[in-house]
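Biologist: I am new to this structure and would like to learn how to read its features one at a time. Could we look at it together, with the general idea placed before each case?

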Amino acid sequence: MNDNDLRWTIESRRQLLSTPIYDVIEQHETAACGMTGDYIAIDCRDWVMVIPEHEGRFLMVRQWRHSSEELTTEFPGGLVDRGENPADTAARELYEETGYRTGRLTHLGTLSPNPALFKNRFHVYLALDLVATGEQHLDDDELLAVQAVPIDEVLSSFGTGEYTHALTGTAIACYLRHRGRS
């Protein structure tokens with residue numbers, strides 16, 4: 001089969017649920033061969049994650065994740081505000097969550113976080129030349145602790161213990177490619 005034989009066309013959409021973070025959509029689709037089906041998609045604003053590298057360490061945030069019911073250690077990140085550039089979101093989230101400003105922000109990649117379910121994109125940035133401001137600006141319902149973790153510890157521990165956030169793993173892969181490491 002060629003790519004055109006694999007494509008589906010969305011014939012209709014119906015919103016099933018709307019929340020402040022995402023909408024759940026049912027899509028009726030038709031394949032090039034005539035097969036039809038109804039599929040669920042989650043329509044969400046784009047996400048960013050920023051890798052703050054400072055003095056041989058990653059600045060990471062430790063926080064409670066309600067769905068998995070566990071503490072995780074991950075890179076700072078969040079939702080892109082409507083009309084906001086993802087790079088601006090990365091710089092903003094870094095400052096809000098860690099209290100650090102970046103002097104240099106590099107885009108490492110844009111990915112689909114889970115293309116089977118989500119319509120949005122996930123943007124990964126590397127933040128260097130960090131300057132501490134000494135203050136965080138957390139959301140009203142946000143509780144997190146900032147940790148400076150040796151880079152090698154994060155790389156060797158990912159997928160175990162508190163390093164289980166899959167998007168952090170994706171960000172690490174982008175970081176390793178950028179640094180020419182495997």
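Biologist: With which residue does E96 form a salt bridge, and how far apart are the closest N and O atoms?

Modeller: Before that, please note that this is a predicted model, in which local features need pLDDT of at least 70, side-chain atom pairs count only at pLDDT 80 or more, and totals for chains, interfaces and linings use all residues. Residues are numbered from 1 along each chain as its sequence is written, and side-chain values use heavy atoms, with hydrogens and water left out. As a general idea, side chains of opposite charge can pair when their charged atoms come close. A salt bridge here is a side-chain nitrogen of Lys or Arg within 4 Å of a carboxyl oxygen of Asp or Glu. In this model E96 forms one with R92, and the closest N and O atoms are 3.4 Å apart.

Biologist: How are E96 and R92 separated in helix 2?

Modeller: Helices are DSSP runs of H or I with at least four residues, strands are runs of E with at least two, and both are numbered from the N terminus. Because E96 and R92 are four residues apart in helix 2, about one helical turn separates them. R92 also meets D81 in a salt bridge, at 3.6 Å from N to O. That pair links distant parts of the chain, since R92 belongs to helix 2 (residues 86-98) and D81 to the loop between strand 7 (77-79) and helix 2, 11 residues apart. A network of salt bridges links R45, D81, E84, R92, E93 and E96.

Biologist: Is E96 buried or exposed?

Modeller: Buried means under 20% relative accessible area, exposed means over 50%, and partly exposed lies in between, with a 1.4 Å probe and protein chains only. E96, with a relative accessible area of 16%, is therefore buried, while R92, at 21%, counts as partly exposed, and so does D81 at 37%.

Biologist: Which residue forms a salt bridge with E74?

Modeller: It is R65, with the closest N and O atoms 2.3 Å apart. E74 counts as buried at 1% relative accessibility, whereas R65 is partly exposed at 31%. The whole structure holds 10 salt bridges.

Biologist: How many residues does the largest nonpolar core have?

Modeller: In soluble globular proteins, nonpolar side chains tend to be buried together. A nonpolar core is a set of buried Ala, Val, Leu, Ile, Met, Phe, Trp, Tyr and Cys residues joined through side-chain atoms within 4.5 Å. The largest one has 23 residues, and those with the most contacts inside it are I51, F58, F75 and Y175. Two or more residues come from each of strand 4 (47-54), strand 5 (57-65), strand 9 (122-132), helix 3 (151-157) and helix 4 (166-179). Helix 4 gives the most, with six residues. Another core, of 10 residues, lies apart from it and includes L59, A90, L94 and A127.

Biologist: In what sense do strand 5 and strand 6 pair, and over how many bridges?

Modeller: Two strands pair if DSSP finds at least two bridges between them. Strand 5 and strand 6 (residues 70-74) pair in the antiparallel sense over five bridges, with L71 in strand 6 as the bridge partner of W64. These strands form a hairpin with four residues between them, and E69 in the turn has a positive phi of about 55°. Strand 5 also runs antiparallel to strand 10 (residues 144-150), joined to it by seven bridges, and there V61 stands opposite V146.
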